[in-house]
Amino acid sequence: MRLTVAASGQFGRKLRGDWPQSLRIARNKLAGLPGSGATSNSAVLLSLLLAVCLSGPSALRAQTDCLACHADKTMQDAAGHSVGVDADAFHASIHGSLGCTDCHTSIKDYPHPDTPAAVKCAACHADQATGIAGSVHASASAHPCTSCHGDAHAIFPKDDARSAVYPLNIPRTCGSCHASDALAKKYGLQNVYSVYMDSIHGYAVSKEGLLVAANCMSCHGSHHILSHKDPQSPTYKTNIPNTCGTCHGGVEAEYSAGVHGKAVAGGDLNAPVCSDCHTAHSILQPTLADFRMQSTPICGSCHKGRFATYQDTFHSQLGLLGGYVQTARCWDCHGAHGILPASDPASPVNKANLIKTCGRCHADANASFVQYQPHANPRNRRLNPALYFTRFFMNLLLWSVLGFFSLHTLLWFIRAKREQGRNGPTGEAKHD
Amino acid sequence: MTDGTGTVPSEQPEGQPQESGQPQASGKEKYYVRFTLAQRYLHVVLFTSFLGLAATGLPMRFSDNPAARFFAREVGGFGAILFLHKFCAVVLTLAFLYHLKDIATRALVHREKGIFWGPTSMVPNWKDVQDVVGHLRWFVGLGPKPRFERYAYWEKFDYWAVFWGMIVIGFSGYAMWFAPFFARFLPGWALNAVLVIHGEEALLAILFIFSIHFVNTHLRPDSFPMDMVIFTGKETDEEFQKKRALEYQRLAAEGKLEAKVGDKPVYWWVNFARVIGFTAILIGLVLLVLTLIGYFGNA
C-alpha cells in the first residue's frame, strides 16, 4: 500500500510538471516502474488504485482513468478551483456507480479541454430541474444544485443522515444562506433562521431529532419553492391550512369546520389561517405562558371591540402581571381551531354549554354564575344598562367627594398658612 | 336633632384660656388621653392592611401600566399579588369585625351612653352641618373659626368613608373571591358590577386617604408634619384646647377633665411611631402618584 501511495504521488507530480503529455505516455512510464510486477497497463492501475476500485468493471475503467489524476484532493485548475475528487466519498455517494463522463459529458478523450462544460443535473433530474426553473431559486448561477445538495461528488439520498437534505440537516443547509441578515435584507425577507430554531419545530428537529417535525422543506417545498404571494405556493395564505394539515390533519379538520376555516375557504383573506395565530417560524408550544400571552392580542388585532372589553375584566388583568396566565384567554372559552358562532349549539360559548365551559376553571359554576358577561362594557348604556349606571353612580360619588374635599382642603390649607404667618410659626391662630 | 349643639353654649369669642386656666397654669407638659391602646393598634392594623391592599390592588386595576407589571413581577407575579391582596383583605376584615364587636360591647354590655348620639358620638348631627358651613366661611374670611367637639365633621367623614368603603369594597371583593357562591343569590350582571364597584370605590378610598386624609389630619400647617395622637394616644393640654375646644370645655364643666390625664408619651415610642407613620405616609404618597399616572395615563 505504501508503494501505491508513493507511486501515485510521483505520478501526480510528474503529470503536473508535464501536462501536455498524453495519458498513454504516462501509462507507459508507469509500467516501467521498479517493483511493479504487472504485465498490462490495466493491471498496473488496478494495483495503484486498489482502495477505490470496487465498482463494476464497465464503470471502473472510466473512473479510474479520471481518478488517476483527480484523486489528488489538492489538485486545482488554472483558475484555482479545486478539481480534486475524494474517491472514497464519491464511491459511497448515490452517484458512486456512475462514470465521470456520465455527468461531465463534454469530456471524451484525454487530454480534455481546460474548462469542460458545466454539468447538467437536469439531464437525469428533469422534474426537479423543471421545478426549480419556476421557483424563487431559478437562477442557476446563484443557486446551483450543489448549494443545497452539497459537494457534487458526495451526494447522498435524502434519507441518508450524511445528506445535506436529510430532514435533520435541512435547517442548517437552508440556513447556510438564509441565516444571513445581509441576504435577508437584500431580498426583503426576514431572517427567520434563529426564531425557527427556537420554535417548537426547530426544537424538535435540532434537539429531539424528530424526522417528522416540520423543517423548511415541509412547508416551503424543495425544488419548486414559490413566494408566499404566489397563489400556487404552499405558503400562500389560503393554502396554509392544507400545508400545516399535512401533519396536523386533525386540527385542519376542526379548523375547516370553524368560522375562520369557512371564511378562508370562501375567499376571505382577512380571516386567520394557522400562521396568523401561531406565527410562521417562531411557533411556540401553545400551553406555554408566552404563547398564551402573545396570541390574545393577535385575536384582538381583528376583534378589536371584544378585545377592549376583555381587557377591562379580571381575566385579562391578571395575565398581564406575569406568572399567572391560567386565566381565560380567548380560545379557552371560544375554542381554538373549530371556532363556532355562539348561536351554534356545538359552540362552547352557546348558552347551553356555558356551565360546562366556565366550569372548566370555576368548579362551582352555576346558571346564575354563567350570566357573567366576560365582554361587558360599562361604558355602553344600551348593551349593559345596569353596569353603565353602576359605573356612573360610582364615578359621581368619586368625583363629588374628591371635588368637595379637594376644595375644602385647599382653602383650609391656605387659611391655616395665613393664620400661622400672622401668629408666628409655632402655634395655630387664636380665634378671631 | 340639635342635641349635639345644645349641650354646649356657643360662646366662642370668650376664648378658652380663662375656663381652662387651671391645667394651663399647672402643666407645661400635661397630657390627655384621646385614644385607647386598642384604638391605636386598630389604626395601625387598618393602615398597614390598607397600604397592602392598595399596593397589590393598584397593579391589578392598572395592569397595563409598566410600573404595575414591574412591581407584580418583582413580587412574584399575579399569583403572589392576589395572595397578598387576599391576605390583607382578611386582616382588614378581622379588624373591622373587631371594631364592630367593640362597638356592640360598649353599647350593649357597658351601656355606654353617647356612643350612638351626642357630643362624643361618631354619628353626624346638626352641629356638624353648621360646622361645615362655619368652617368654609372661616376659610374665606366670612366668619369665626368653629370650635369642635370630640370628633370634628371631617373626622366623622373619614370614619364613615372608611366604614362604608370597607362594606362596599369588602362585599364586592368577597363576591369576586367566592363568585360561584355569591352567584346563588346574586343576578349574573352583579358579577360584572362588583368588579366596577370594587375598582371605583377602591380608587376613591386610595385617592381620599392619600390626599385628603393625609393633608387634613397630618400635613396641614396645624399638625405638620404628623399628628402623633393616633400613635401615642395622648395630646398636650394646648393641643387639646386648640383643636377641640368644646370637648375640653365640656369635660372641664363636667369635672371629668382630670380623669383624662395621662402620662407623657415615652420618647423612644414617639420616635418609633414617627418612623412608622412617615413610612406609611411616604408609601401612600408614592401610591397616590402611581394611581394618578395609572388613571390619567390610561384615559
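1. Chain B meets chain A through 48 residues, which are in contact with 41 residues of chain A; contact means that the C-beta atoms, placed from the backbone, lie within 7 Å. The model is a predicted one, in which local features need pLDDT of at least 70 and side-chain atom pairs count only at pLDDT 80 or more, while totals for chains, interfaces and linings use all residues. Residues are numbered from 1 along each chain as its sequence is written, and chains are lettered from A in the order in which they are written.

2. On the side of chain B that touches chain A, the elements giving two or more residues include helix 3 (37–61), helix 5 (77–109) and helix 9 (188–219) of chain B. Helices here are DSSP runs (H or I, at least four residues), numbered from the N terminus. Helix 9 of chain B supplies the largest share, 17 residues. By type, this side of chain B has 29 nonpolar, 9 polar and 10 charged residues; Ala, Val, Leu, Ile, Met, Phe, Trp, Tyr, Cys and Pro count as nonpolar, Asp, Glu, Lys and Arg as charged, and the others, Gly among them, as polar.

3. The average pLDDT of chain A is 82, and 83% of the residues score at least 70; pLDDT is the predictor's confidence in each residue, from 0 to 100. Within chain A, helix 1 (residues 2–17) has the lowest confidence, with a mean of 38, and helix 15 (residues 249–257) the highest, at 95. Residues 1–60 of chain A have a pLDDT below 50. Where pLDDT is low, the predicted coordinates should not be read in detail.

Notes:
Two residues are in contact if their C-beta atoms, placed from the backbone, lie within 7 Å.
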